[in-house]
Amino acid sequence: MSAEALSARLRAAQRSHLDGDWAEAERRYRSCLRDWPACVAAKSFLAFLLLQTQRPAEAESWLREAIAAETDHADWHFSLGMAQARQGRSGDARRAFAAAAALDGGQPMYWTNLAAACEQDGDFAAAEQACRQALAVDAACADAHFLLAGLCLRQERHVEARRHNAQGIVAQPAAHGPIARIEALCELDRRDEALALLHGWLAQAPDDPVALHLLAACGGAEPPPQCSADFIRRTFDANAAAFDATLASLRYQGPQWLAQCLRRLALPAAALDALDLGCGTGLAGTALRPYARSLRGVDLSGEMLARAADKGVYDALTQGDIIEFLTAAPSPVDLICCLDTLSYFGDLEPALSWMARALKPGGLLLFSIERAPRALPDGHRLQPCGRYLHDADGVEAQLAASGLKVRERRDMMLREEAGCPVPGAFYCAERLDWSGS
């Protein structure tokens, strides 16, 4: 058979491959190689198809033959690295990716795959260097930014990790929702772009409570004294189904601290009348139940309350605003829990005052805040994510003004965001006996 006829058969195999008829393409590649064993192009194309169909060991064999015949094809070395990586051989993959990058350093994916192999091999310095080579080629390479974010997290370089994560999100807008993109732009000090995105959102949905709140959070409107009920309902209703799993993945510390604090207090079993304000799906209720004679949960989100009901730990659940609930003068209780809820309030004085009124003398308030790294002029600040930071020392002053004495304060991680710890403060405060204690 003439060389021209064999070339025509190879082109026919490639057409089948491009058309997605992989079975026919494979048959034709193999037919070419039976009649033309020295055709390195057929070997490389067949190897690529084998990678696509999850047969990396066979792909590696064909690629080794092709590379032995012609060593200067960067894409063949890259495919060899992919075949080896899929077989769990990071060291071999690293060498193959390095060879590809040496032949053609202008391909960011060669560098990012080299970085991933180096990271898997435990060579974090080499992985970081490869990521930076990728960014030198393409500053908007999302994979390089996300890999760098992970590498920075390993070294507790949290500021860099947050920025690289944000840059990865901004570089890949189609893969992320508007809220993630808005937060990322603010992290990168590109608030004008975040506001433009929000104005576009509001042009389509002028009354959207999430967009309106985030507009204020990003500096495009006056910050409200607290998050609106509509914002909270919309946000938590939308996230209720995956809420417990999401908080577990974020290493949320609220229920663990609560359980430990209750044990330290040595409270009697099944003896307390308790309220769980902002109870959500009932994570705190599970820790409270052994100590409660009666346990009532309150939350704005109906979807969250439905999941709290499924846990079977509450005697009653009420849908509504926690301040409105407290102003309706419920019977005083022995204990109020309010975890990861006051981050949706600005000035905490009204909420703390109403909680103090709802406690019996000697009753306990257990709650958490997102802790600001330094003192804040107003004691609180609305963040681009839509939640409020609070000045922990200022909170203690507000507790004292409300007739509450701090029995415990633990400054610790509240949860993680993008792998970085969110500083929190957990409080146990006691209502003073107004007769003079």
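**Figure 1. Where the charges of the chain sit.** In this predicted model, the 44 positive and 56 negative charges of the chain have mean positions 4 Å apart. Lys and Arg are counted as positive and Asp and Glu as negative, leaving out His and the chain ends; each charge is placed at NZ of Lys, CZ of Arg, CG of Asp or CD of Glu.

**Figure 2. The chain as a whole.** Here you can find 21 helices and nine strands, which are DSSP runs numbered from the N terminus (helices H or I, at least four residues; strands E, at least two). The radius of gyration, taken over C-alpha atoms, is 29 Å, well over the 22 Å that the globule rule (2.2 Å times the number of residues to the power 0.38) gives for 437 residues, so the chain is more spread out than a compact globule.

**Figure 3. Helix α13 and its cover.** Eight of the nine residues of α13 (residues 209-217) are buried, meaning under 20% relative accessible area (1.4 Å probe, protein chains only). Among them are His213, Leu214 and Leu215. Their cover includes α11, α12, α14, β6 and β7, with contact meaning heavy atoms within 4.5 Å.

Figure 4. Just after the helix, look for Gly219, which takes a positive phi of about 90°.

**Notes.** Residues are numbered from 1 along each chain as its sequence is written. In this predicted model, local features need pLDDT of at least 70, side-chain atom pairs count only at pLDDT 80 or more, and totals for chains, interfaces and linings use all residues, while side-chain values use heavy atoms, without hydrogens and water.

Notes. Buried < 20%, exposed > 50% of the residue type's maximum accessible area, 1.4 Å probe, protein only.
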